[in-house]
Every structure is written in C-alpha cells, then in structure tokens.
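Take a look at the model first, then read on.

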Amino acid sequence: MSSSHSIGLLSVGAAALLAANVYVRRPEAPPQVQTLPAMAVDHLKPTSTEVKAPAESGASTEGPSRGLSRGVTATTSAPPAFQWASVESSDYKQYVANLRAIGFPEELIRSVIIADIDKLYAPREEALKVKPVPHDAPMAQRQSYPTAEKMERILQLREVRLEKQAVLQEILGTYVPREILRAPMSRNYEAYEYAIGLLPPEKRDAVQLIQENEFVADDMQKIQYPNHADELEAYRRSYEARNQSLMEILTPEEFERYEMNTTPAGTELARRVIGMEPTEAEMLAMFRVAYEYWVATGGVYGRWRANPVPSEQIAAAEQRLEAGLREALGPERYLDYQMATSDTGQQLRNLAARYELPRETLAQAFELQKEAEGVSKTIASLNRGGASDHQASGNLAPLQIQLADLEQKMQQVLGANVWQAWQDGRKHQVDLKP
C-alpha cells in the first residue's frame with residue numbers, strides 16, 4: 001500500500017508549476033531489498049510502472065493580436081495539465097534524472113530519495129537496533145553495559161547502513177553521510193559526527209570506520225579485561241592504533257582539529273569558552289595548552305585523570321595551564337577567557353553590558369573582585385581551622401582590613417549605583433523550582 005506526502009514544488013519553467021503542491025506517491029520496499037547486494041540499485045524502484053519522459057509544455061507563448069478592435073476578445077489555448085506520472089519512473093536513477101530535468105532543487109531531490117530509501121531499509125535496521133531504555137527507568141537499567149551479543153548486533157547494523165549508503169550514493173551520484181555507529185558505552189557521539197563532517201568528503205568514510213572500530217574495541221575490552229589496570233592499558237593501545245591509522249589519512253592539521261573537536265580536552269574547553277567567542281586559531285592555541293594539562297594531570301587520551309597523580313603535580317599543572325593560556329592569547333583575550341570561564345567573570349560581564357561600562361573599568365573590577373575572593377577564602381579557612389581564638393583573631397584582623405580596602409576600591413571603580421547593583425545581584429538567589 002502506498003502513502004502520500006505533500007511536496008512543495010518550486011519553479012519548473014514551462015510546466016507552470018510555480019508554487020504548486022503535488023502529492024508524490026512514495027515507493028514501497030520491493031521484496032528484493034531484503035537480500036540485495038549493496039550496489040543492486042536497479043532493483044530499488046518506485047512503485048509506479050509507467051515510464052515516460054518529462055512532459056514538454058505545449059502552451060502557446062503568443063499573446064493577444066495587436067490592433068484588435070474594441071470589444072473583440074483574443075483566445076489562446078490553455079497549457080496542458082501537468083501529469084506527475086510523466087516524472088515517476090520504475091528506475092530510481094531515471095526518477096532522479098526526471099526530477100532534475102523539471103527543475104527540482106538538488107537538496108529537495110536528496111530529501112525525497114533519502115526518505116524513500118530510509119523507509120525501505122527501516123525494517124532491517126530496527127531489527128538490529130539495541131532497544132532504548134526509558135529515560136525514567138532506574139539507573140541500573142539505564143546503564144548500558146556492553147555484551148558480546150550487543151556488539152554483534154551493532155556490527156550487523158553497520159553493515160546494513162553501509163549497504164544503504166552505497167545505494168544512495170549510486171542513485172544520487174554524490175557523497176551521502178552515514179549515521180555514526182553508537183556502541184553501548186556513553187560517548188559524545190555528536191562531537192564525532194561534527195568532526196567527521198568538517199573533513200574533506202573523500203576522507204570521511206575511512207575516518208568514520210576507523211573511529212567506529214575504536215568504539216567497538218574499547219567496549220569489547222571492558223568485557224575482556226575486568227581488571228582496571230589491564231583494561232586501561234588495552235584502551236591505550238587501541239587508541240594509539242586508532243591515531244596511527246588516522247594520521248595515515250589526515251594531514252597533521254586535519255588530525256589536530258579532529259582531536260580538538262572530539263577529545264574531552266577540546267570539547268569541554270569549547271563549552272567553557274562559549275562567551276569568549278574564540279577564533280579558530282585561538283581555539284587551537286588553547287587546545288594545545290589544555291591537552292598538555294590533560295596529560296599532566298593523569299589523563300589518558302579520552303579519559304580524565306585515569307592515572308592518579310599527586311595533588312602538588314596537579315597544582316603545578318594548573319599554574320602552567322594559566323601561564324600557557326596567557327601567553328597564547330595575550331592580555332586582552334586572556335581577560336576574555338577568564339571572564340568566560342568563571343562565575344565572577346560572567347556576572348561582571350553581564351553587569352558591564354547592562355550599564356555600558358568601559359572595558360578598562362570591567363578589567364579593573366574583575367582583578368579587584370578576584371583578589372577579594374581570595375582573601376575571603378583565606379578568612380573562611382581560618383574560621384574553620386583549629387587555631388586558638390587569640391591566634392585566629394591575630395591573623396584575621398589584617399585580612400579583614402585588606403578585604404574592606406578591596407571592596408572600597410571596587411566601589412570607586414564601579415561607582416555607587418553600579419556597585420549597589422553588583423552587591424544586590426550577588427546576593428540574589430534564583431529559585432528554579434516549580
């Protein structure tokens with residue numbers, strides 16, 4: 001049984017189909033689709049069995065005769081009604097050629113054909129997909145742990161999608177992306193699809209296969225190596241093999257950008273600096289410093305602090321991170337980075353936008369507030385400590401004087417009205433409960 005979908009046709013010239021809406025009969029999946037080899041395109045056909053060339057307009061272009069006497073009406077023949085059957089074909093490639101011939105936009109043709117082929121392959125794909133768990137299910141059910149059976153079904157699903165991709169590319173004569181394989185373990189799959197989409201089309205399929213194979217290897221290793229240390233070492237080896245394969249396809253620049261857009265060191269950095277709006281060059285510079293920090297603090301490729309390291313090593317790495325970012329960005333843009341990546345910076349930036357504060361004022365206020373917050377933390381630490389009242393009061397007094405002095409300077413920089421708005425805003429607690 002066929003169904004109908006309304007497709008808005010754009011200008012088709014002599015066929016006079018401007019702004020018309022016609023109903024396209026969707027093809028049904030022929031029985032052969034279930035067992036066809038990847039390139040058996042000739043057997044994937046729309047349901048219509050009537051094959052005709054696109055109708056040529058027979059409409060007269062001759063207008064009313066000149067010099068007609070008043071009251072005489074000229075007559076012209078109406079153009080023949082457009083017949084959709086003249087476009088449909090039992091051969092998908094001919095169907096596409098007919099659509100192009102009558103002026104269908106290429107993007108619309110792709111949408112029509114992809115929707116048809118998706119429908120044909122849907123039963124095979126659905127049978128192999130791992131069934132989704134409801135979002136409100138218990139945590140134990142929502143944690144999808146890999147099993148040999150799940151991995152086998154996932155690989156079979158990939159074969160079906162590879163076949164479908166080959167069919168689509170044969171019909172359309174151009175590259176068609178394939179949905180990335182999703183293994184049971186949680187990952188930022190959208191980041192991988194985004195990064196692959198930025199690559200040259202001729203490299204995307206090869207990179208996607210390499211990346212998917214690493215997903216499978218990583219998940220399978222969780223089954224094979226119950227010991228964490230053994231599994232981590234296996235993960236390191238499979239990831240290094242992935243890198244070697246990618247570097248055989250990608251240029252050094254392409255590989256670095258791919259890593260920046262897929263590894264947590266890069267994706268988390270991109271999330272944090274949204275308000276900064278860095279250029280691509282700035283993003284790459286920051287990523288290089290951030291990745292060094294990632295490794296120095298125990299990170300192993302995509303895993304954050306997989307190797308435990310001493311706290312003093314982490315503290316030293318944080319200092320190198322800030323120094324490296326300051327050097328890479330310069331003082332002006334480093335301030336923007338700090339504004340984007342701290343609550344204080346974001347609040348001050350919003351305040352500056354509200355009151356149209358000069359950048360110099362914003363920079364001074366930010367430095368004063370950072371220093372004041374550091375003093376406040378020291379005071380809080382002393383109050384929580386086990387020092388005697390006499391000792392605590394001796395240490396607290398100069399700090400409290402210093403904090404008061406910083407607050408006074410902050411008020412002078414912002415002005416009385418803006419300072420009061422700053423104080424009121426920091427004290428206001430937003431309750432988002434229904």
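Angles under 35 degrees count as roughly parallel, over 145 as roughly antiparallel, 65 to 115 as roughly perpendicular, and the rest as oblique. This is a predicted model, where local features need pLDDT of at least 70, side-chain atom pairs count only at pLDDT 80 or more, and totals for chains, interfaces and linings use all residues. Residues are numbered from 1 along each chain as its sequence is written, and side-chain values use heavy atoms, with hydrogens and water left out.

**Helix 7 and helix 8**
- The axes of helix 7 (residues 228-247) and helix 8 (residues 252-262) cross at roughly 140° and come within 10 Å.
- The two, helix 7 and helix 8, are therefore oblique to each other.
- From helix 7, Tyr239, Arg242, Asn243, Leu246 and Met247 meet Phe255, Tyr258 and Glu259 of helix 8 (contact means heavy atoms within 4.5 Å).

**Helix 11 and helix 13**
- Helix 11 (residues 311-340) packs on helix 13 (residues 359-384) at about 55°, with the axes 11 Å apart.
- That angle makes helix 11 oblique to helix 13.
- Residues of helix 11, including Leu335 and Met339, meet residues of helix 13, among them Leu362 and Phe366.

**The largest nonpolar core**
- This core has 23 residues, being a set of buried Ala, Val, Leu, Ile, Met, Phe, Trp, Tyr and Cys residues joined through side-chain atoms within 4.5 Å (buried means under 20% relative accessible area, with a 1.4 Å probe and protein chains only).
- Helix 13 gives the most to this core, with seven residues.
- Ile379 is among the residues with the most contacts inside the core.
- Beyond its neighbours within four places in sequence, Ile379 touches Leu396, Leu399, Gln400 and Leu403.

Technical notes: Axes fitted to C-alpha atoms, helices over the stretch in contact; angles between N-to-C directions. Helix = DSSP H or I, 4+ residues; strand = E, 2+ residues; numbered from the N terminus. Buried < 20%, exposed > 50% of the residue type's maximum accessible area, 1.4 Å probe, protein only.
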